[in-house]
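Colleague: Please take one part of this model and go through it closely. I would like the contacts spelled out, with the cut-offs behind each term.

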Amino acid sequence: MTSAKVWIEATRPKTLIISIAPVLIGAVMAWPNFNASIFFHILACIFTLQIGTNLANDYFDFKKGTDTADRIGPRRLCQSGEISPRDMKIGMVLAFASSFAACIKLMFLGGPIIFYLMCLAIVLGIGYTAGPFPLGYNGLGDLVAFIVFGPIATGYTYYFLSGNYSLYAVIAGIAPGAFAAAIMNLNNLRDQLQDFRAQKKTIPLIFGNEFGRGFFVFTLAVAFAIPGILIWLTNGHAYSILADGGVILALPLLKQLSEVREPGEYQALFPKTIRLLGIYTLLFCIGWIISH
């Protein structure tokens, strides 16, 4: 029987801030209307959606032969034999079912559109690595991560908590979405050799390694531009600029990126980029609340 520790590893816990960050930002922006029950339903929905996507990625990459014994980075549990393909598939189904169950209350609040969006999110989670046109194999994985874990997550978090749509919340979601795309891009930069062998088309393989690096720089620049744009648009919330304090950590990260010579060296950038997303989110939330 597979241990709980191995299953936790399969969820890729260090990356789950990707689903938490946009929900926190959307919730803080709707703070006067905060409802703990709705908040935790939103968080559970998107959190388990990411877990389901991660398990699906592990399962389908193994089935396609993309994950091999010589892969760089954290081990994949199907490929390593720690979790059987059958059990991984069951885990994937349970994660997506949990996400759907957590969303039921939100469907009552938002109507049929939320049901359709939830179904689409699950299809995208599976379709990232599966199906006749796997998104991650055709250069679209970064875009999907940006949209789902960015503007959609923040925009609908704000909507469910406040009852209103907010363009500002959607714009705020560009930042965590950009970080999600940056992390996906790092993964693609690191795995170029394996992806090439598996005929997986990613941004670095389609446009070249230097373009891939430039794309990473671009995503961080976009993220750090968002607080200033929001201050300008709202003519307020000046302290949200605190989020740009993360630039202090971003600069050495970019220097390290420029010094990478071997694919395996990209791995060291992952925890630093994830930590940067966490710090950005915390500082933005503090600044927005102070400025309210």
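Modeller: Leaving aside neighbours within four places in sequence, R213 is in contact (heavy atoms within 4.5 Å) with L189, L257, S258, E259, V260, R261 and Y266. This is a predicted model, in which local features need pLDDT of at least 70 and side-chain atom pairs pLDDT 80 or more, while totals for chains, interfaces and linings use all residues. Residues are numbered from 1 along each chain as its sequence is written, and side-chain values use heavy atoms, without hydrogens or water.

R213 belongs to helix α12, residues 209–234; helices here are DSSP runs of H or I with at least four residues, numbered from the N terminus. R213 has a relative accessible area of 11% and is therefore buried, the cut-off being under 20% with a 1.4 Å probe and protein chains only.

L257, one of the contacts of R213, also takes part in the packing of α13 against α14. Helix α13 spans residues 247–258 and helix α14 residues 269–291; their axes lie 11 Å apart at an angle of about 160°. Axes are lines fitted to C-alpha atoms over the stretch in contact, and angles run from 0 to 180 degrees between N-to-C directions. The two helices are therefore roughly antiparallel, a term for angles over 145 degrees. From α13 the contact uses L249, A250, L253, Q256 and L257, and from α14 L269, K272, T273, L276 and I279. These divide into 7 nonpolar, 2 polar and 1 charged, where Ala, Val, Leu, Ile, Met, Phe, Trp, Tyr, Cys and Pro count as nonpolar, Asp, Glu, Lys and Arg as charged, and the others, Gly among them, as polar.

Methods
Parallel < 35°, antiparallel > 145°, perpendicular 65-115°, else oblique. Buried < 20%, exposed > 50% of the residue type's maximum accessible area, 1.4 Å probe, protein only.
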